[in-house]
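User: I'd like to learn how to read a protein model, going from the whole chain down to a single residue. Could you walk me through it?

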Amino acid sequence: MSGPRCPQCAQPCASPRLLPCLHSLCEPCLRRLGPPEGPPGAARPVLCPVCDAELSLPAGGVGQLPPDCLAGSRGRAATGCDLCADGAAAGRCLTCGLRLCRFCCRAHRRQKKTASHAVTELENTTDCSQPGKPLLCPSHPSEELQLFCEQCDQPVCRDCVLGRHRQHPCDFAASVIHRHGDALRELLQSSQQHMDTLEDVLSQVDEMGGAVRSRAEAVAAEICLFARGYVKAIEEHRDRLLKQLEDLKVQKENMLHLQKAQLQQLLLDMRTGVEFTEHLLMSGSDVEILVSKGVVSSRLTQLNSVAYSTHPSVDDRIHFSPHERAGQCCGYEVFGAILNKVVDPARCTLHGEDLHSARQNQLSGFTLLCRDSAGERLGRGGEAVRVTIIHKDKRDCAVKPTVCDNGDGTYCISYSPEEPGLYAVCVCVKGQHVQGSPFTLMVKPKFREHQGVFHCCTFCSSGGQKAARCACGGTMPGGYQGCGHGHKGHPGCHHWSCCGQVKESSECLCGPPSDASQRSLLRTVAF
């Protein structure tokens with residue numbers, strides 16, 4: 001007779017035990033599963049070899065696991081007849097619980113030992129899951145498990161009820177099966193609902209996987225389309241750049257050919273005049289020389305006055321800038337431009353009111369304008385501009401300037417000096433000084449905020465004392481200047497503070513001063 005096989009050792013299952021994950025193994029495999037048994041009373045963690053679930057064996061060992069009562073029926077349902085193992089099961093003996101083929105059913109009824117057994121057709125069995133074979137108590141092997149202990153939640157036999165389950169509430173299994181079966185059916189219904197939900201979620205996951213694949217294919221098509229368009233744009237931009245380069249080359253060559261032709265013609269005319277003159281002077285008589293002198297002099301003078309360039313009319317400055325923005329091509333932004341204008345540091349100029357003078361702790365600046373060798377302004381940025389501002393008397397005192405590239409050939413240089421005095425400013429482009437560099441920068445001291453009285457009362461109240469001081473601690477510059485009113489009562493009266501800052505609202509107590517006196521006062525105290 002063949003039976004179910006252990007999923008671990010693939011041998012016929014001997015005393016299969018049910019794990020908490022509802023997979024069953026034979027006892028020998030269970031005893032070899034996981035780490036060795038620990039101290040008595042301690043649970044052992046193991047992994048199910050079927051589903052890899054982490055489980056805990058009971059503290060009492062493998063024997064405390066419930067037996068898998070349905071393992072035999074599951075195995076027999078797959079192997080057919082329990083006796084011959086050749087035919088398909090067609091009936092079952094309700095007495096011994098065996099599944100029998102039709103031939104074995106007839107033989108089972110004819111044999112003396114089994115003639116009294118009740119054999120029914122498999123289709124007529126009311127509960128195919130019930131093996132019909134009585135289960136014996138593991139503690140009392142001769143007793144059948146017919147009772148159920150509510151406190152211990154396990155089937156027991158009569159001897160168990162009389163023994164260690166004496167004080168426990170017990171009842172017949174047939175009496176409590178409905179209540180416990182209903183509880184299992186409720187859990188089963190809930191699990192079935194979860195199964196439906198999981199199957200629906202799995203279906204959605206599969207659909208989402210298909211949608212992801214479809215979307216990825218669509219995006220891949222977009223990428224390929226974009227790449228093809230981009231490649232086309234780059235190729236068109238390449239052709240345009242090559243044509244532009246060819247046109248620039250032809251233009252420079254034509255200018256060189258024209259210059260060459262003009263120089264060759266001038267050289268030919270010069271050579272003819274020189275040869276004629278040399279021959280005249282060497283071979284001609286005095287009269288012949290004098291006769292031809294006027295024409296020869298006129299021709300040589302004319303040839304000598306012809307202006308010509310001592311350098312080629314064009315240069316070989318043709319550069320390619322791969323990072324230069326080149327606008328749009330076929331709807332794509334492209335980069336790379338041919339540059340035939342190269343910055344000439346000697347032609348670059350500096351501009352700004354704060355070029356040679358600044359004020360301490362005040363933000364100042366000037367502008368650098370880049371030009372090419374022809375003096376034309378460059379319409380692009382990206383040049384290497386370096387600016388240094390160093391104190392002439394204090395070499396360790398330097399100002400860190402900020403250079404801002406405006407992208408149009410101009411650069412804004414801003415700085416804020418902390419110390420007054422003379423500074424040496426160097427502005428270099430591509431390592432060469434620009435026009436006017438280096439130059440001297442004069443940094444004036446910052447204005448001192450006036451803390452005193454901005455009118456003449458301080459000095460008038462002193463009686464015009466020359467040593468009178470303002471509330472800020474300073475003396476009035478310019479000495480004894482009158483208020484311009486033609487009296488001598490206020491010899492120290494004027495409308496300037498001792499710091500040299502005018503206060504327009506200041507006014508002498510005797511009225512505004514005359515224009516002449518005001519001009520004289522300004523000349524005295526201005527600095």
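Analyst: Happy to; we will go from the chain to its sheets, then to one residue and one annotated region. Keep in mind that this is a predicted model.

User: How many helices and strands are in the chain?

Analyst: The chain has eight helices and 22 strands. Of its 527 residues, 30% are buried. The exposed surface comes to about 33,800 Å², and carbon and sulfur atoms supply 55% of that area. Among contacts with a separation of 6 or more, 51% join residues 24 or more positions apart.

User: Now the sheets. What should I look for?

Analyst: In general, strands of a sheet pair through backbone hydrogen bonds, in a parallel or antiparallel way.

User: How many bridges join S15 to S19?

Analyst: Six bridges join S15 (residues 364-369) to S19, and the two run antiparallel. To find your place, look for Thr367, which stands opposite Cys412 in S19.

User: Which strands form the open sheet of three?

Analyst: That one has the order S6-S5-S7, again with antiparallel pairing. S6 (99-100) and S7 (119-121) are the edge strands. S5 (residues 91-93) pairs with S7 over three bridges, and Arg92 stands opposite Thr120 in S7.

User: Let's zoom in on Thr410. Is it buried or exposed?

Analyst: We judge that by relative accessible area, and under 20% is called buried. Thr410 has 10%, so this residue is buried. Thr410 sits in strand S19 (residues 410-415).

User: What does the side chain of Thr410 make polar contacts with?

Analyst: There are two partners to look at here. The side chain of Thr410 makes a polar contact with the side chain of Asn406 at 2.9 Å, and another with the side chain of Asp408 at 2.6 Å. Leaving aside neighbours within four places in sequence, Thr410 is in contact with Thr367, Leu368, Leu369, Arg377, Cys404 and Asp405.

User: Finally, which residues does the "coiled-coil region" annotation cover?

Analyst: An unreviewed UniProt entry places that annotation on residues 231-262. In the model, residues 231-262 are 100% helix and 0% strand, and the end C-alpha atoms of the span lie 46 Å apart.

Conventions
Residues numbered from 1 in each chain as written. Predicted model: local features only at pLDDT ≥ 70, side-chain atom pairs only at ≥ 80, totals over all residues. Heavy atoms only, no water. UniProt positions renumbered as here; feature names shortened; annotations may be inferred. Helix = DSSP H or I, 4+ residues; strand = E, 2+ residues; numbered from the N terminus. Buried < 20%, exposed > 50% of the residue type's maximum accessible area, 1.4 Å probe, protein only. Polar contact = N/O pair within 3.5 Å; in protein donor to acceptor, adjacent residues only side chain to side chain. Contact = heavy atoms within 4.5 Å. Pairing = 2+ DSSP bridges. Areas by Shrake-Rupley, 256 points an atom, 1.4 Å probe, with all protein chains shown as cover.
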